[in-house]
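Visitor: I would like to learn how to read sheets and helix packing in a model such as this one. Could you take me through it step by step?

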Amino acid sequence: MEGSVTLHADMHEIQTIFGEFDKNVRKIEDALSVTTLYRDGILTISGEKKAAEQAGTVFHDLLHLVKNGSPISEQAVDYAIRLAGNGENERVSDLSGDGDLICHTLSGRPVRPKTHGQKNYVKAIDENMIVFGTGPAGTGKTYLAMAKAITAFKRGDVERIILTRPAIEAGEKLGYLPGDLQSKIDPYLRPLYDALYEIMGAESFQRNVEKGLIEVAPLAYMRGRTLDRAFIVLDEAQNTTESQMKMFLTRIGFGSKAVVTGDLTQKDLGGSVQSGLETALKVVKGIEGIALVELTSVDVVRHPLVQKIVEAYEVYDRKKARSAAPVRNEKRGRDGRRDKRK
């Protein structure tokens, strides 16, 4: 059944939504099989009734973002299409409120959750002492945790920031690189530096490091310490051993908050070594004050191609798991035929 939906919008709002060379509107039309026409302040969306209604929801949400001064990114368009197509009650327009703002980068760009999964993750950080954030690459696990850490530090909620990750090579041997210890471990910690520089600025970061208020170090350096009044981020936690994870979780002191991030599909531990993150998720489940948040491919906020890659690997891993599943042995009768009795 054919249908149409109309929306009122001024020319500037429509130009912002349509995007450069109309790339956004073409994406919406292709994804939902609709056509659009803008004339005299009215946007008309035509197509199959359900598709037209879904497209109307997408444009309505994007229009809401424009009115709130939020940029219309390719990720926002993709996410709005996905939510509308899945019939979700959640809307991308729900993510544009000032209440979701975490901080601004050095260049003035607002940092806020871009998906509902990210919003739940940030809320969990606000409400719990320890949060485990797991999910694929590109879901903003580390970046949002860093933004929350810097915000808490600037507000005086904590006295220092401690950022750590296990020094495990991702299939490469770096131990024979020239230089002192710091230059050897810096490659492991570079992603943490990048986020700090973008949000805090290199000079401010360096000043606070010299004062001992910000520390970026390998996980091994945490042993034997008690960390009070600190915001601690453990990144790449899938590469911790069980003893390392236990050591880390028992370092957390009074007035502290910790966020543990990791992607269990990207372990660099030896084949026989159990991931400390995998074990911890089972051990701490149900403990008050600890939240477990799992982000998915829907929450990927990098280039859309990254989301497709993540989804393709998820399909591949499911197929691999099914093919590796043991075949149930069937009992056979004396005549050699299968016994169908349960």
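**Reading the sheets and a helix pair**

Guide: Let us begin with an open sheet of six strands, whose order is S8-S7-S9-S10-S6-S11 and whose pairing is parallel. Strands S8 and S11 (290-294) stand at its edges with a single partner strand each, so one side of each is left without a neighbour in the sheet. From one strand to the next, the twist averages 15°. Please keep in mind that this is a predicted model.

Visitor: What joins S7 (residues 160-165) to S8, and in which sense do the two strands run?

Guide: The general idea is that strands of a sheet pair through backbone hydrogen bonds, either parallel or antiparallel. In this structure five bridges join S7 to S8, and the two run parallel; within that pair, Ile161 stands opposite Ile214 in S8. On S9 (residues 230-234), S7 again pairs in the parallel sense, over five bridges, where Ile162 has Ile232 as its bridge partner and Leu163 stands opposite Val233.

Visitor: Which way do the residues of S9 point, and are they buried or exposed?

Guide: Ala230, Ile232 and Leu234 point one way from S9, while Phe231 and Val233 point the other way, and all are buried. With five of its five residues buried, S9 is therefore largely enclosed by the rest of the structure. Strand S8 (residues 214-218) has four of its five residues buried, so S8 too is largely enclosed by the rest of the structure.

Visitor: Which strands does helix H5 (residues 116-127) lie across?

Guide: Helix H5 lies across S6 (130-134), S9, S10 (257-262) and S11, and runs at about 150° to S10.

Visitor: How is the sheet that contains S1, S3 and S2 arranged?

Guide: Those three strands form an open sheet in the order S1-S3-S2, and the pairing is antiparallel. Strand S1 (2-8) and strand S2 (34-39) stand at the edges, each with a single partner strand, so one side of each is left without a neighbour in the sheet. Direction ignored, neighbouring strands of this sheet are turned by 20° against each other on average. As for the pairing itself, S2 and S3 (residues 42-48) pair in the antiparallel sense over six bridges, and the bridge partner of Val34 in S3 is Gly47.

Visitor: Which residues meet where H3 and H4 are in contact?

Guide: From H3, Gln54, Val58, Leu62 and Leu65 meet Ala76, Val77, Ala80, Ile81, Ala84 and Gly85 of H4. Sorted by class, this contact of H3 with H4 has eight nonpolar, two polar and no charged residues.

Visitor: How many helices and strands are there in the protein as a whole?

Guide: The protein has eleven helices and eleven strands, and buried residues make up 44% of its 342 residues. Among the contacts with a separation of 6 or more, residues 24 or more positions apart account for 69%.

How values were computed
Residues numbered from 1 in each chain as written. Predicted model: local features only at pLDDT ≥ 70, side-chain atom pairs only at ≥ 80, totals over all residues. Heavy atoms only, no water. Pairing = 2+ DSSP bridges. Axes fitted to C-alpha atoms, helices over the stretch in contact; angles between N-to-C directions. Contact = heavy atoms within 4.5 Å. Nonpolar A, V, L, I, M, F, W, Y, C, P; charged D, E, K, R; others polar. Buried < 20%, exposed > 50% of the residue type's maximum accessible area, 1.4 Å probe, protein only.
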